[in-house]
Amino acid sequence: MRSSRLALRWLRVAGTITWTVIGITFLFFFEDVPDVLGGASWVLWGAAFVGFLGLFWFNTGPEERRAVSRRRAALVGQSLCALAIAGLPQKPVGFIFLTLVAAQMASLVPGWLAVVWVVLQSAAMGWIYARIVPLWEAQAYIAVYLGFQAFAYMVVRAALSEAAARDDLARTHAELRAKEALLAESQRLAERAKIGRDLHDVLGHHLAAMNINLEAAAHRTEGEARENVERARALARALLDDVREVVTELRSEHGYDLELLLGKLAAELPRPRIHLELAPEVRVIPDAALAETLIRAAQELMTNAARHSGAEHLWITLRRGEQGL
């Protein structure tokens, strides 16, 4: 799961708990003062209270599925709902919801707009407070809530910044792992090619020379000695065939194991889960530049899916078509 989404999920949990606790506080208040609201005010207050939670949940869902303009509009709605929740029954505890609004600004608006927004809703809060308590007391409460809003904004902003840095680090690590895998595969192929050349040029040459010498010796010996020479010649011929078979096998693997490389890259991402589907004819790529291009393309798919899609699974299929891979 992306770190930023985890931060929003914890914000949703904390906000829902706050909404529930404040709701219980209002229930006790309404029980003590049943006539504090009357007529349409009850309907407006209930709509504001329930509407705040709905808009809050809308905004703290997966951000990839919500347009920024809609989420900002929902944030304006939450500010109005919070003011109505506290203002209609003249119960200042409802202003705590403005702190939740400020916390959401960290992921939705630039810093200067967040400052203006907090100041404006604090001014509206001050106007409502001035109707409930003396001016000096209202100023003290406004200062306290202003500090709460600033604290909530900065904490969430810091959490989101840390999440972004962590995502960047994960992408960088995946890129390094891809480079490391390509380098290791290049070294492996180079070592196999060198072993093949050594076997062919050195051991194969000596065995061929030994076989020629044994053949010459067989023509110059008689009896039991010749039988021993013939057996040695047969063993040398069989050993030469084995060497040629090994060299052929070493040279037959002349490409980059794309399935292995992509598997290492996919293992770096916890989510989404990567499913690789490679056709048999494209699992080994002989061209180093082509192999790296395919690795880079797959890496971009994986990181973009992890950052933006919100998906649980990602399928990457590679096959050879009429016009190429």
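This is a predicted model: local features need pLDDT of at least 70, side-chain atom pairs count only at pLDDT 80 or more; totals for chains, interfaces and linings use all residues.
Local features need pLDDT of at least 70 and side-chain atom pairs count only at pLDDT 80 or more, while totals for chains, interfaces and linings use all residues. Residues are numbered from 1 along each chain as its sequence is written, and side-chain values use heavy atoms, with hydrogens and water left out.

**View 1. Helix α4 spans residues 97-105.** Helices (H or I, at least four residues) are DSSP runs, numbered from the N terminus. Nine of the nine residues of α4 are buried, so the helix is largely enclosed by the rest of the structure. Buried means under 20% relative accessible area (1.4 Å probe, protein chains only). Among these buried residues are Phe97, Leu100 and Met105.

**View 2. Threonine 99 lies in helix α4.** Threonine 99 is buried, with a relative accessible area of 13%. Leaving aside neighbours within four places in sequence, threonine 99 is in contact with Phe148, Gln149 and Ala152. Contact means heavy atoms within 4.5 Å.

**View 3. Helix α3 (residues 68-87) crosses helix α5 (residues 111-129).** The two axes, lines fitted to C-alpha atoms over the stretch in contact, with angles from 0 to 180 degrees between N-to-C directions, come within 10 Å and cross at roughly 20°. That makes α3 roughly parallel to α5, a term for angles under 35 degrees. On the α3 side, Arg72, Leu75, Val76, Ser79, Leu83 and Gly87 meet Trp117, Gln121, Ala124, Met125 and Ile128 of α5.

Definitions and conventions
Buried means under 20% relative accessible area, exposed over 50%, partly exposed in between (1.4 Å probe, protein chains only). Helices (H or I, at least four residues) and strands (E, at least two) are DSSP runs, numbered from the N terminus. Angles under 35 degrees count as roughly parallel, over 145 as roughly antiparallel, 65 to 115 as roughly perpendicular and the rest as oblique.
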